[in-house]
Amino acid sequence: MPILIDDRTRVLVQNITGRQGMFHTLHMLECGTKVVAGVTPGKGGQKVEGVPVFDSIEEAVKMKKATASIIFVPAPFALDAAFEAITANLDPIVIITEHIPVHDSIKIVEYARQNDVHIVGPNTPGLMSPGMCKMGIMPNHIFSCGKIGVVSRSGTLTYEIASSLTQSRLGQSTAVGLGGDPVVGLSFTDVLAMFERDGQTKGIAMIGEIGGNAEERAAEFIRKNIKKPVVAYIAGRTAPPGKTMGHAGAVISGTSGTAQSKIEALKKAGVSTAELPGDLANLLMKKLRSKKL
Amino acid sequence: MKLYEYEAKEIFAKYGIPTQRGSVIGNVSELENEAIAYPAVLKAQVLVGGRGKAGGIAVVESKEQAVSEASRIFSLRIKGIPVRKILVVDSVDIEKEYYLSFTVDRSEKKIVCIASSSGGVDIEEVARTDSKKIIKTYVDSFRGFLPYHARQIAIDLGLGGDTIVQFASIATNLFRICDEYDCELAEINPLATTKKGFIAVDAKIIIDNNALFRHKSISASQSEEYTELERMANAAGLSYVELEGTVAVIGCGAGLVMASLDAVKKFGGEPANFCDVGGGATAENMRQALDIVSRKEGVKSVFCNIFGGITRCDDVARGIVEYNPVVPLSIRMMGTNEKEGIELLRKAGYPVFDNMNDAARNAVEMAR
């Protein structure tokens, strides 16, 4: 089985009637996801791609037994939307929205922690368990069901890696986009632990970038807890300090958060690191072969 | 968004955090209009760090000295930034310096209060060399930061008597500022003790750009941190950071662009910029991106790295063909609608690669 989402996940889409919500509902349905309900306050009774729209999550859960939520609500209203989903105990909750104030994200993550619910994102491409369920905005055609768990802070690099894993016939068990913001729900360590327990996952591809110390923490965690082969790519070796590189979380502050520090920590933990994203699939194949997996 | 020291101190005053009496001048002649008590301190108002080392701070004993020092400071460029304003404040007799701030802790996913009895120096340095001197207190989002938290910190700092209560008032008010202004950082360094009690000698506030919609009263005009091209790009909705090299880089998605810079470097080139057109980029976005990156002096080639997810390759290709840049292009294109995109580009005579390494190598060779 994959992690976090599978063919039993019943997905609710918050702000399903917005441009993004409609577009991605269609693509989630196309790859087999059970999108069972949408919520847009004031638009209850409508349908989007055949999916019924409700005014509140409470109604949607009662009528359609939704178990998980994906949020396309604009940043100023995202805190309210996430709290509504957490209160209804939906799990996981994937927050696609970009530009959410960091003080709001902190509150969302803390409220989710208190209610034992998994938050993915914000500012994430979402989750993909190929052939079963997608709660996200990634292109369907580059994924294929397989044995590699992918966990990443970057959207487009996830696509890049997923696509090369598909070409090399390794495929993916689940791909998890953690999100590009400074404060996000799931961290590398949470997802690594899930992949370690998951039977379908034989190897793990980890994609990090400059900023923060999540990769260093992951390295420490891998050294102690992960037996499956892990390979990593860290973006931003050439990034100058103090400049935000596109993602709000991708910034070197002072001397901390550099790619070099992350790469060193990972190497020490026995993780093979690729110099370029294109080398990751090959590294992984070598590792799997040497372990006869 | 960083605020100037004088702006941060205006907010401090509103929240009852004591600061020195002072005024802001925009030129030397304005010194005439201000009632200044000597000795006084002149402080250059710039958003970059290290102004003290660059000569941007001066203690003056008389009006004559104030005039000569002010004109010297106004002629400075601190890390390339001209000084447009000077804050003039009363000088104070400092007994001891402390450090106090509220900031976002990314790993704990909480607001953290950082306090230290080693103030007036770089706190990162203190954390590295003498981490026992750092007191960290995590803030519960729902309870907030309460006076009893602050009093405990005061006790741990070694304060006693009335100063415990004074410190608690300053710390809880600084937390209110952090909370109500959506701060990434609200910092007093140093927080000094004097005969008359505590005083915030310096003030630093950084507001989360994503929260500016809630703070309409704060003008977003502070762009001195950015270069001309960075400002143009921001206005066009592109993420753009200027670098030193000769190979311009454009891509969709922050991670992919960072990886593209790394690839340029790996094949012996130097990236000239970081330019992310974002997911769902249109032909117009691409046209603007090409226009901005090729304006930069010394750019000899452009590496376009497009992996179409939500972005459609044919849209991007149309933007490239319409703009028709003078600087040679090396294009990697894959993903949604790649066939259409590649055909458009090939017809217009552009070579297209399907993998990132080849396109990066080619861009580096073209820049030689």
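In which handedness of crossing does α8(B) pass α9(B)? The crossing is right-handed, the term for a near helix turned clockwise from the far one by less than a right angle, with anticlockwise counted as left-handed. This is a predicted model, in which local features need pLDDT of at least 70 and side-chain atom pairs count only at pLDDT 80 or more, while totals for chains, interfaces and linings use all residues. Residues are numbered from 1 along each chain as its sequence is written, and chains are lettered from A and ligands numbered from 1 in the order in which they are written.

Helix α8 of chain B covers residues 283–295 and helix α9 of chain B residues 313–323; helices are DSSP runs of H or I with at least four residues, numbered from the N terminus. Their axes come within 7 Å and cross at roughly 45 degrees. Axes are lines fitted to C-alpha atoms over the stretch in contact, with angles from 0 to 180 degrees between N-to-C directions.

Chain B is divided into domain 1 (21–90), domain 2 (96–214) and domain 3 (228–366), with bounds from an automatic or database domain assignment. The centres of domain 1 and domain 3 of chain B, taken over C-alpha atoms, are 44 Å apart.

Between the chains, 46 residues of chain A are in contact with 42 of chain B, contact meaning C-beta atoms, placed from the backbone, within 7 Å. On the chain A side, α4(A) gives the most, with six residues.

Conventions. Helix = DSSP H or I, 4+ residues; strand = E, 2+ residues; numbered from the N terminus. Contact = placed C-beta atoms within 7 Å.
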